[in-house]
Structure formats: structure tokens, C-alpha cells
Amino acid sequence: MRIVDRYILGEAFGPFAVALLAFVVLITGHMLFTVVEVIVEHGVPLPSVLRFVALQVPSAAVMALPVSVLMGCSLAVNRLASDHEIVAMRSGGMSLARMMAPLWALGLVASLMTLAISEEAVPWSRAEAEQLVREMVLRRQSLAFEPGRFTDTGQGIQVYVGDRSAEDGELRDVM
């Protein structure tokens with residue numbers, strides 16, 4: 001790898017890494033925001049919440065990687081152009097295609113990472129997240145069944161709970 005390739009990649013990698021971190025935090029924060037009402041209302045323990053958020057990171061990374069590469073590459077090219085470094089490289093005999101080769105390589109690596117994450121990590125993390133939610137629901141019936149409301153079990157069955165005992169959480173008048 002030539003010095004100029006490392007220089008161009010260095011210009012792109014910093015904004016890429018910052019953008020990737022920012023987008024992953026924003027996307028997982030949005031996913032957490034959608035379930036925050038249930039978490040607060042039913043007193044889900046903090047370790048379970050943190051595990052749920054960690055299991056959302058692979059899905060967020062799949063969405064964030066392409067946008068982060070775009071942002072990193074465009075900021076790198078913008079900085080190189082604003083400091084007239086592109087003109088200097090062109091004066092030295094370097095073609096635009098050769099100049100952009102490190103950025104294309106970064107895009108290819110990010111695409112392969114996205115493919116690998118979406119094929120390997122995302123199915124596993126979704127299954128683990130579903131299992132975690134099932135465990136939380138089974139531990140705390142208040143997460144699944146609320147008194148005076150119909151609950152769809154997802155299998156074509158509607159469950160109605162009339163009341164719940166305050167002492168032991170026993171469900172009453174279940175139909």
C-alpha cells in the first residue's frame with residue numbers, strides 16, 4: 001500500500017468511525033425509545049434492558065455501515081478538495097480513479113462487513129432478543145397480560161384477564 005493510499009484512507013476513516021458510532025447509538029436509542037414505556041411501567045431490571053440494547057447493535061450496524069461509509073468518504077474528498085490536495089495529486093500524475101481506489105476499497109470492505117453481519121450476527125441477536133423478551137414476560141406476567149384488556153397471543157388466540165391479585169400476581173377471570 002502506497003503512502004498516498006494510507007493518507008486518503010486516514011482522511012476517510014476518522015469521519016467513518018465517528019459516523020458509525022453516532023448512527024449506531026441513534027438507531028439503538030430509537031429502538032429503546034419504542035419500548036421505554038413498557039420498561040418503565042413494568043419495572044424491567046436494568047441488566048435485561050442493557051442486554052436488550054446490546055442485542056440490537058448488529059441490526060443497527062447493518063443500517064449504519066453504508067451511511068457511515070458515504071459520510072466518511074464524502075467528508076474525506078471534501079477536505080482533500082478544500083485544501084487543494086486533489087489538484088496537487090493530479091499535478092503529480094495521479095488519475096482520479098487511482099485517487100479514489102482506497103475509498104472504493106473502504107466501501108467494498110464495509111459492504112462485505114454488512115453482508116457478514118446481516119447473515120451471521122443479526123439472526124442470532126434477533127433470536128436472543130426474542131428469547132430475552134419471552135423470559136421477561138414469563139417472569140413478570142404484568143408484561144403480558146393487563147387486567148381488563150384483551151391480549152393477542154399471536155397465534156389467533158385472544159386472552160382476557162379480568163383481575164390480578166395484588167399479593168401474588170395471580171390472574172383471575174381468565175377467558
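Author: Phe13 and Phe16 lie three residues apart in helix α1, so about one helical turn separates them. The model is a predicted one, in which local features require pLDDT of at least 70 and side-chain atom pairs count only at pLDDT 80 or more, while totals for chains, interfaces and linings use all residues. Residues are numbered from 1 along each chain as its sequence is written, and side-chain values use heavy atoms, with hydrogens and water left out.

A pair of aromatic rings is described by the distance of the centres and the angle of the planes. Rings of Phe, Tyr and Trp (for Trp, the six-membered ring) form a pair if their centres lie within 6.5 Å; planes under 30 degrees apart are called stacked, those over 60 edge-to-face, and the rest tilted. The structure holds one aromatic pair. In this pair, the ring centres of Phe13 and Phe16 are 5.8 Å apart and the planes stand at 50°, so the pair is tilted.

The two partners may also be described by their accessibility. A residue is buried under 20% relative accessible area, exposed over 50%, and partly exposed in between (1.4 Å probe, protein chains only). Phe13 has a relative accessible area of 48% and is therefore partly exposed, whereas Phe16, at 8%, counts as buried.

Helices (H or I, at least four residues) and strands (E, at least two) are DSSP runs, numbered from the N terminus. Ser68 belongs to helix α2, which covers residues 46-82. With neighbours within four places in sequence left aside, Ser68 is in contact (heavy atoms within 4.5 Å) with Phe16, Ala19, Leu20 and Phe23. Ser68 counts as buried because its relative accessibility is 0%.

Apart from neighbours within four places in sequence, Thr28 is in contact with Val53, Gln56, Val57 and Ala60.

The chain has four helices and three strands, and from the N terminus on its elements run α-α-α-α-β-β-β. Of the 175 residues in the chain, 30% are buried. Among contacts in the chain with a separation of 6 or more, 61% are between residues 24 or more positions apart.
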